[in-house]
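Please work through each task before reading its solution.

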Amino acid sequence: MLAMLVVLSSVISQQHVILKADDLALTQRWQRYFSYVESQRLVTTAGVIGNRLPAMSTQSIDYLRSLGFVEFWNHGWDHGLPPPKCEADFIDPRSDDEVSKVDTCEFYGTSADCQMEHMRLCHEAVIDYLGVVMYGFGAPENKHDCNTVPAFLACGYDHWYFPKYSMLGCRPSGVCTLARGGGEIEIPTGVPNFAGFFSSYDPNRPLLVLQVHPNKWDAAMFAEFQQCLEYLLEQGVVFTTPGGLTAPDPPQMPATGTAGLFLAAVAILSLYVRMRRCQSCTFCSCTLSTHNRPVAPNSPTDTHASVASAGISSPHVTTNE
Ligand SMILES: [Zn+2]
């Protein structure tokens, strides 16, 4: 029991960091990002824009499928800009004069039916092309409204990046909120800035979710990003993903006496939880799936193919952000 508490407390006391990488596109910049994450033996998330997948080559899809250290999440079907596919449904109550095109977005000001369709299209595209069931969502531009909630729930998702539903009065129950705050790598958005990160970084926050846009970075910006990560590694943080935020398995101990009965009960409970493949989040009062929990590169349990062996020579390249 004591050993279990020691293990739990040591895991919980370390700061955990999630890299929320937006706007997946198989470009050289994204491959540079993935290669760096893999070389540092880290894990990352990647927000998928669904309609980019059918345009990718088989080789590019195979490459993405090989990235066992990446946890994918739903970032919409078309990102809504420009122009939003749902523009005809735009229902913002402000007058046309007040609403510029940039105010419209895929999951903001569009109809419930449209949002449901776009959420579903991306969800199914990721299953079809990447062979992965996603469990999380983050809106393009981090803009959404209350119509987004039923679409989110219909996909069976359990975590939401940077939601604003507390402001909107439509907070879904049982959903894990991955909130912003405690540090920003990109200041402004799209521009890694080590000095800005250093001054915004809060080492006491248990969980940091850091938003990045690898496709927006030139070489100098990438170097700033690397500096941010090197600093975090020096602080001893644990890079993780929503699928990795769950409580660790109880340690194996001999089952004798009363303590043994207790541990046996814990083991049975743990087995039941693992069979459900969902565990309580260590940092929030919600339940997260571990179905698509990625594996840190080169770890003993690593089963993914290496980037080099994927043999990418001419990937599908897009300049869309
Ligand atoms: Zn985006």
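**Exercise 1.** How many helices and strands make up the secondary structure of the chain?

*Solution.* The model is a predicted one: local features require a pLDDT of at least 70, side-chain atom pairs count only at pLDDT 80 or more, and totals for chains, interfaces and linings use all residues. Residues are numbered from 1 along each chain as its sequence is written.

Step 1. Helices (H or I, at least four residues) and strands (E, at least two) are DSSP runs, numbered from the N terminus. The chain has nine helices and 10 strands.

Step 2. A residue is buried if 20 or more other C-beta atoms, placed from the backbone, lie within 10 Å of its own, exposed if 12 or fewer, and partly exposed in between. By this criterion 36% of the 321 residues count as buried.

Step 3. Two residues are in contact if their C-beta atoms, placed from the backbone, lie within 7 Å. Among contacts between residues at least 6 apart in sequence, 76% join residues at least 24 apart.

**Exercise 2.** Identify the backbone exceptions at Arg41, Glu141 and Pro188.

*Solution.* Step 1. Most residues other than glycine have a negative phi, and most peptide bonds are trans.

Step 1. Arg41, in the loop between H2 and E2, has a positive phi near 60°. Arg41 is partly exposed, because 13 other C-beta atoms lie within 10 Å.

Step 2. Glu141, in the loop between strand E4 (136-137) and helix H5 (148-154), has a positive phi of about 60°. Its 19 C-beta neighbours inside 10 Å make Glu141 partly exposed.

Step 3. The peptide bond from Ile187 to Pro188 is cis, with omega near 0°. Pro188 belongs to the loop between strand E6 (176-178) and helix H7 (194-200).

**Exercise 3.** Which residues does Asn193 touch, not counting residues up to four places away in sequence?

*Solution.* Step 1. Asn193 lies in the loop between E6 and H7 and is partly exposed, because it has 19 C-beta neighbours inside 10 Å.

Step 1. With residues up to four places away in sequence left out, Asn193 touches Glu186, Ile187 and Glu224. The C-alpha atoms of Asn193 and Cys228 are 8.0 Å apart, at a sequence separation of 35 residues.

**Exercise 4.** Where is the pLDDT below 50?

*Solution.* Step 1. pLDDT is the predictor's confidence in each residue, from 0 to 100. The chain averages 79, and 69% of the residues score at least 70.

Step 1. The pLDDT is below 50 over residues 88-102, a stretch with 14 contacts in the model beyond near neighbours in sequence. It is also below 50 over residues 273-277, where there are four such contacts.

Step 2. Where pLDDT is low, the predicted coordinates should not be read in detail.
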